[in-house]
Structures are given as structure tokens and as C-alpha cells.
Amino acid sequence: MRIRPMRPRDAAGVVAVYGARARTSAALMRRNAWYWRRQARDRGSKGLRIVAEDGGRIVGYAIANADKEGAGIREVMWRPEHDGTDLGERLVLDLLRRVRRRKPLILSASAMPGSPLLPLIRDAVGHPQPSLGVFMARALDPSALLRDAVGVLRRRTDRSIRLRVDGRTASTRRGRPAATITLGADELLGLLLGARDLDQELRLGTVKLSPRTADAVAAAHAAFLKRRFWIADGW
Amino acid sequence: MPKPRVVIRLATQRDAPALTRVFRDAYGPIPTAAIRRWMRSKDCRKDFLVAVVDGVVASSVNIQYRELLIDGVPIRTGGIAGVATHGAYRHRGLATRLMKEALRRIRDRGVSNASLFTGFNLPAIRIYRRFGYSEVSAWRSFEDVRRPMEWMKGRFAFRGRWLRTASYGKRILDDLNRRVLIETPAWRATVSLDGRTFKVRAGRRGRPDVVMRGAPDAVFSCFGDHLIFDRLVRQGKLRVTGAPDAVRAWRMLLTLRWRG
């Protein structure tokens with residue numbers, strides 16, 4: 001495996017890494033071709049875009065940007081199958097080596113809790129700051145949310161789950177449901193985004209499960225599994 | 001006095017100069033060309049709402065329709081951005097009216113949820129909580145200020161530029177005519193106002209009106225944040241001495257907290 005500067009022909013590989021990461025994450029933003037083209041043209045990150053290549057395949061990438069005010073790590077991604085290896089650390093250290101050559105006034109980086117990037121930048125950059133930026137959300141339309149949730153749960157589990165949200169009901173598959181989960185729209189959104197924990201909500205009584213059998217609990221956990229990796233772009 | 005007439009409508013390119021005044025007042029120095037460019041871009045979708053008070057654009061809210069990927073499955077979200085109200089029109093419920101209209105539009109488009117990015121230190125977070133938004137996740141940030149003197153020069157140059165363009169700037173620049181010594185174990189710097197421009201010089205220069213002492217990280221972290229400044233002072237990690245009105249003026253300048 002080698003780490004080298006990103007080239008224009010790496011574009012498809014970089015998009016594929018992002019896509020692979022998005023399939024195991026809670027809330028990455030969908031990016032279109034226009035977004036990636038704009039990123040490739042961004043002058044601030046010129047010379048600060050690197051990729052990790054393994055046998056001709058792009059397995060990770062890292063991007064920083066710098067201007068006269070300072071430099072910041074913008075994004076570090078690697079394929080989920082490389083979790084637990086030192087690939088992320090190698091990308092961060094290589095990127096920081098390139099950033100420091102520019103002698104920035106300030107070096108900054110941020111990540112969401114749960115992101116595997118967080119311990120890496122904590123070690124590499126240091127100087128933790130009080131938390132300022134926050135991502136907030138609220139449910140608006142329970143029917144639309146139910147439709148969205150059914151799409152996600154179908155991807156996660158083959159078993160039938162019945163959801164009851166604010167008096168509306170939907171099932172992920174036909175047939176007898178393995179579990180019926182009754183909850184409010186905001187609780188459902190929080191569980192989908194990974195901001196809420198199913199066990200805690202069951203204890204608090206904000207989420208109700210029936211039947212209360214071990215099999216139903218297992219089916220509910222498969223539907224609302226806790227996502228480790230958590231990141232979101234600003235807009 | 002007649003009640004002012006408030007109209008909520010979509011913004012057009014012709015509103016760019018008025019929006020620049022609103023954004024400058026709320027966020028800092030922004031050129032009109034940048035606002036025009038942003039309004040033309042794909043990032044600024046068609047639901048860009050403004051509140052017009054007696055014919056003057058006073059407040060704005062922009063909706064950005066995006067897709068969150070949950071396990072790769074796209075879920076549409078109505079992202080709220082560009083929430084700003086001109087200082088002269090605050091506390092009239094304009095942002096609240098715009099938010100109500102924005103949420104109605106998002107719901108009408110069949111989008112299941114609304115989301116936004118904000119700061120714990122911004123007053124708008126109270127409005128968002130009132131509208132039912134809850135915190136999903138907060139960033140952990142790390143900052144290594146490698147060249148403190150140059151970095152602070154940049155921060156104070158920004159404050160000088162902003163205050164020259166903001167509606168309340170002249171009064172504040174008059175009030176802030178003080179000399180401040182920042183002292184850390186690693187370095188010392190003196191901040192003074194030279195005419196309308198802030199000067200940051202290494203070391204102690206003259207007799208300071210205010211002295212601020214603390215670790216470099218404590219000093220850097222309260223730039224632009226009154227909550228952190230107050231907390232560090234309470235915890236004794238930041239010691240600020242001087243006449244009360246001078247300390248109050250310094251707090252405003254450092255934390256960009258112009259009111260209250």
C-alpha cells in the first residue's frame with residue numbers, strides 16, 4: 001500500500017470510498033458529480049489531497065485546505081474493511097506533514113463523536129477546544145418519515161418489522177412481523193440517525209416493543225443498530 | 001405610531017445589496033459580489049426567504065434540500081441555513097416567522113425531517129429548540145495555534161473590518177479605545193486601537209487598561225465565544241483585571257458579543 005498525491009484519474013476511486021463508507025454510516029450527505037467536480041477544482045486544497053492505493057485500488061483518501069489564515073483537515077475516509085488497521089493514522093500523518101510545510105498560523109480539525117477519525121486527530125493535532133458546532137434535527141411529517149424508515153430497515157434486516165408512529169403504521173415486509181415497535185416521530189428520527197439508543201429508549205418507555213420476547217428484541221436491535229461512524233457535511 | 005408592515009417572500013437577485021447589509025450585520029464583512037455568487041449557485045436553492053419590514057429586507061432564512069445517507073439509503077432533509085436578522089430589526093419575531101414559513105415549505109414538499117448546523121454559542125439555538133429541534137451530535141474540535149502573534153493580528157483585523165461596516169460599529173470602536181495586555185506563560189502581547197485599526201504587538205507596550213492572564217489554549221478558545229470566556233473566568237483559568245467598564249468592553253471585542 002502506498003500513499004501519494006491525488007490525481008484527476010483517482011476521482012472514481014475516491015467517490016467509491018465515500019460510497020462504501022456511506023453504506024455503513026449514519027448520516028453522511030449524498031454528494032453529486034457537481035460536488036466532487038467543485039472539490040477537485042478547490043484551490044485551497046491544491047497539493048493537500050492524498051490517496052491510499054492498494055494494488056491499483058483506491059482504499060482511502062484525505063483532504064486538507066489551507067489559506068493565509070490557517071489550515072484544516074477537511075475529510076479523511078477509508079474503506080470500512082480497513083477499520084482496525086493503521087490506514088487512517090497513516091493518512092492523517094501524511095496529510096499533516098504536507099500541511100505543516102506551509103507553515104500555517106493555525107491548524108484545526110474536527111470530528112463527530114464515534115468517528116474513528118476522532119482519536120487520530122486528537123493525537124495528531126491536540127489542543128482540544130470547547131464544543132461549538134452542533135447538528136440539530138426534528139421530524140416534520142410522520143408519514144414521510146415512516147416511508148423513509150421502512151427503506152432503511154429493509155436494507156438492514158430481512159425480517160418483518162412493524163412500525164407504529166404517531167398513529168400511523170407500516171411494515172418493512174409482508175407476513176407476520178417479528179416485532180412491533182411503537183414510538184414517536186422524533187424518537188424514530190433519532191434512532192435512524194444514531195443519536196438515540198434503542199435500549200435506553202425502551203427503558204425510558206418512549207419506545208414500546210411487542211412481543212417482549214428475546215426474538216423480538218433481537219429483531220428490533222437488527223433494525224436500529226448503533227452506528228459507530230458518524231459524520232455530516234455542513235452546508 | 002403605525003405598526004410596521006412585514007412581508008415574508010422569496011428573495012430575488014435584486015435583494016442582494018440589502019441581504020449584504022443583513023449578513024454583514026449578523027456575520028461580519030461579506031462583499032455583495034459573494035452574496036450574488038451564492039444566490040446564483042446550486043447551493044442556494046429556490047427557497048430563500050426574506051422578511052421585508054416597510055420595504056426594507058431585514059431578515060433571511062434559506063432552505064437547502066439535501067439527502068442524508070443512512071446505511072446508503074437516501075433520506076431527504078430540509079436544511080436550514082443563512083438565518084440572519086439585521087441588528088435594527090431584532091426581537092420582533094422575524095426569524096420565528098421565517099422559520100415557520102420554512103418548515104411549512106419543507107413539509108409541503110413531502111420531506112420527512114428538517115435539520116441544521118449551528119453553534120452552542122449563538123442566540124438562534126434557543127429559537128431552534130423552541131421549534132422542536134434537538135441536538136443530534138456536536139463536533140469535537142482541535143486547534144493548534146502555531147504562530148500566535150500573526151493569528152491574533154488576523155483576528156483583530158477581522159474585528160476592525162467588521163465594526164467599520166456594522167450598524168453599531170462606530171459606537172463600539174469609540175468605547176473600545178483601550179490598551180490590553182494578554183499574558184501567557186509562553187508569550188505576551190499588547191492589543192491597542194490605533195485610530196480605527198487594532199494593533200497587536202509582541203510584549204508589554206505601555207500601561208494597560210486591562211490585563212488578561214491564562215494558558216495559551218484558554219486565551220485562544222474564548223475568541224468569538226462569550227460562554228467560554230465567562231466559564232474560564234469563573235473557573236479561574238482566565239484572570240481578567242482592570243476597571244469594570246474596560247473589562248466589559250474587552251469582553252465584547254474578544255467574544256464578538258456586542259449586545260448584553
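Mentor: One definition before we start: two strands pair if DSSP finds at least two bridges between them. Also keep in mind that this is a predicted model.
Trainee: OK. Which strand of chain B does S2(A) join, and how do they run?
Mentor: S2(A) is joined to strand S3 of chain B, residues 56-70, by 2 bridges, and they run antiparallel. Within that pairing, Leu28(A) stands opposite Leu69(B).
Trainee: How many residues does each chain put into the contact?
Mentor: Chain A gives 55 residues and chain B gives 55 residues. On the chain A side, the elements that each supply at least two residues include strand S2 (28-29), strand S6 (106-111), helix H4 (117-125) and helix H5 (142-156).
Trainee: And how does the chain A side split by class?
Mentor: It has 35 nonpolar, 10 polar and 10 charged residues.
Trainee: Switching topic. What domains does chain A have?
Mentor: The domain assignment gives domain 1 as 2-125 and domain 2 as 142-223. Their centres, taken over C-alpha atoms, are separated by 34 Å.
Trainee: What does S11(A) pair with?
Mentor: Strand S9 of chain A, residues 161-165, pairs with S11(A) in the parallel sense over 5 bridges. Strand S12 of chain A, residues 207-210, pairs with S11(A) in the antiparallel sense over 4 bridges.
Trainee: Which side chains of S11(A) are buried?
Mentor: Ala179(A), Ile181(A) and Leu183(A), which point to one face.
Trainee: Now the backbone. Where is the cis peptide bond?
Mentor: Between Ser210(A) and Pro211(A), with omega about -5°. Pro211(A) lies in the loop between S12 and helix H8 (214-223) of chain A. Most peptide bonds are trans.
Trainee: What is phi for Lys103(A)?
Mentor: Near 50°, a positive value in a residue other than glycine. Lys103(A) lies in the loop between helix H3 (87-100) and S6 of chain A.
Trainee: Why does Lys103(A) count as exposed?
Mentor: Because Lys103(A) has 11 other C-beta atoms within 10 Å, and the cut-off for exposed is 12 or fewer.
Trainee: Where does His127(A) lie, and what is its phi?
Mentor: His127(A) is in the loop between H4 and S7 of chain A, with a positive phi of about 55°. His127(A) counts as partly exposed, with 17 C-beta neighbours inside 10 Å.

Notes
Residues numbered from 1 in each chain as written. Chains lettered and ligands numbered in written order. Predicted model: local features only at pLDDT ≥ 70, side-chain atom pairs only at ≥ 80, totals over all residues. Contact = placed C-beta atoms within 7 Å. Nonpolar A, V, L, I, M, F, W, Y, C, P; charged D, E, K, R; others polar. Domains from an automatic or database assignment. Buried ≥ 20, exposed ≤ 12 C-beta atoms within 10 Å, placed from the backbone.
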